[in-house]
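User: I am new to this structure. Could you take me through it step by step?

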Amino acid sequence: MQPSELILELSHNCNLSCIMCGFVKERNRPEYFMTEQTLEQVMAAFTHAPAVVRLNGRGESTIHPKFPDYLQRIRAHWPSAALQLFTNLNIKDTSRVELLRSCGVQLFISIDSPDADELARIRKGAKWEYVESNLRMLAGHEPRPFYIFTIQPENIHRLLDMARLAEVYQFGLIYNVVRSDLPDYRLLNQVLSDLPAIREQFKAAGQLLKDKGLPCLIPDQIQGVALELSSAVQSNGTRSTCPALKRETCIQFDGHVTPCNMFHPKKFGHVRDGNITEVLDSPVAREFRQIHKTDAYCQNCAWLGGGE
């Protein structure tokens, strides 16, 4: 099988240090950037162009020293593919923002508060002036960007405020829940104590954006607490089978092939092992697809990934 969606981690480095990020690593190591050789191996591994190429990973793609070159090479190699980028938009070089526009990249922008000081506390190193300036540059950009708002104790009071920010810029909005092996008791207790108010915020946010014709993805649960909202989207972790396994594959910065965009640590192989169909048909990949619903990482998946 060849996936229709390729998640490509150009950078394992990040320019921010977010308080909710459970991934611990040394920052800004040159070997954490995807090399030209690996990028060439990735492109050679696909016998057919993926429908979607999503630049996403544990790092920030736009800080890769060769990001402009890589983006243009990817666009030239797969001219019909939809390009997507997950970014914190703390981009100092405005020419890179202009390049995103000219290449028609759909943006998924991680912003966890509309308040500058609050955002800086949550995403340490974030500069609201960069974000705001880049948002202005993206006014009217197509395809329309999405905000991704990661729910946590520090910002759960901002659910409706984020919808209002999305309305201002005419962006879609995705409410993200951090995947975790153990409960976040701070967040869990806050959800349990404020559940009626949280539900009302979600209802108001969803209605606000619906009235403006803007998409709004609301999770069906937070920390295992069901929101019981008719407008909620079922997460992949609670589905009978994961739809992402049928359409996605992730290639890490070092060329290792993993299941999906949620950074599952399982490795199916390496792009140098052959074409992507062969890698995804390896014994380890076939076995994982058969047993994934018993896998604790998959069971806790909070990705709002669409239908069965």
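User: How many helices and strands does the chain have?
Analyst: The model is predicted. Its chain holds both kinds of element, and the secondary structure comes to 11 helices and 15 strands.

User: Which radius of gyration does the chain have, and what would a compact globule have?
Analyst: The C-alpha trace spans about 50 × 45 × 40 Å along its principal axes. The chain has 308 residues, and a compact globule of that length would have a radius of gyration near 19 Å. The chain agrees with this, at 19 Å.

User: What share of the residues is buried?
Analyst: Buried means under 20% relative accessible area. The chain exposes about 13,300 Å², with 51% of it from carbon and sulfur atoms. Of the 308 residues, the share that counts as buried is 53%.

User: What percentage of the contacts with a separation of 6 or more joins residues 24 or more positions apart?
Analyst: Contact means heavy atoms within 4.5 Å. Among contacts with a separation of 6 or more, residues 24 or more positions apart account for 71%.

User: How far apart are the mean positions of the positive and negative charges?
Analyst: The chain has 34 positive and 35 negative charges. The distance between their mean positions is 0 Å.

User: Where do the buried residues of H1 lie around the helix?
Analyst: Helix H1 covers residues 36-45, and its buried residues are Thr38, Leu39, Val42, Met43 and Ala45. Seen down the axis of H1, they fall within an arc of 160°, so they line one face of the helix.

User: Why can residues three or four places apart in an α-helix point the same way?
Analyst: The reason lies in the helix geometry. They point the same way because an α-helix has 3.6 residues a turn.

User: Which exposed residues does H1 carry on the face turned away from its buried side?
Analyst: The buried side of H1 is covered by elements that include strand S1 (5-8), H2, strand S13 (248-251) and helix H9 (276-280). The face turned away from that side carries the exposed residues Gln37 and Ala44.

User: What covers the buried residues of H3?
Analyst: In H3, residues 94-102, the buried ones are Arg96, Val97, Leu99 and Leu100. Down the axis of H3 they fall within an arc of 155°, so they line one face. Their cover includes helix H2 (67-77), strand S4 (82-87), strand S5 (106-110) and helix H5 (128-137).

User: Which glycine follows H3 with a positive phi?
Analyst: The phi of this residue is near 65°. The residue is glycine 104.

User: Which residues does isoleucine 74 touch?
Analyst: Isoleucine 74 lies in helix H2. Its relative accessible area is 0%, so it is buried. Its C-alpha atom is separated by 8.9 Å from that of leucine 39, 35 residues apart along the chain. Not counting residues up to four places away in sequence, isoleucine 74 touches Leu8, Leu39, Val53, Leu55 and Leu83.

User: Is the peptide bond from glutamate 142 to proline 143 cis or trans?
Analyst: Proline 143 lies in the loop between H5 and strand S7 (146-151). Omega of the bond is near -5°. The bond is cis.

User: Is leucine 89 buried or exposed?
Analyst: Leucine 89 lies in the loop between S4 and H3. It is not a glycine, yet its phi is positive, about 60°. Its relative accessibility is 0%, so leucine 89 counts as buried.

User: How does phenylalanine 263 count by accessibility?
Analyst: Phenylalanine 263 is found in the loop between strand S14 (256-258) and strand S15 (269-270). It has a positive phi of about 65° although it is not a glycine. At 22% relative accessibility, phenylalanine 263 counts as partly exposed.

Methods:
Residues numbered from 1 in each chain as written. Predicted model: local features only at pLDDT ≥ 70, side-chain atom pairs only at ≥ 80, totals over all residues. Heavy atoms only, no water. Helix = DSSP H or I, 4+ residues; strand = E, 2+ residues; numbered from the N terminus. Rg over C-alpha atoms; globule rule 2.2 N^0.38 Å. Buried < 20%, exposed > 50% of the residue type's maximum accessible area, 1.4 Å probe, protein only. Areas by Shrake-Rupley, 256 points an atom, 1.4 Å probe, with all protein chains shown as cover. Lys, Arg positive; Asp, Glu negative; His and termini not counted. Charge placed at Lys NZ, Arg CZ, Asp CG, Glu CD. Arc of directions from axis to C-beta.
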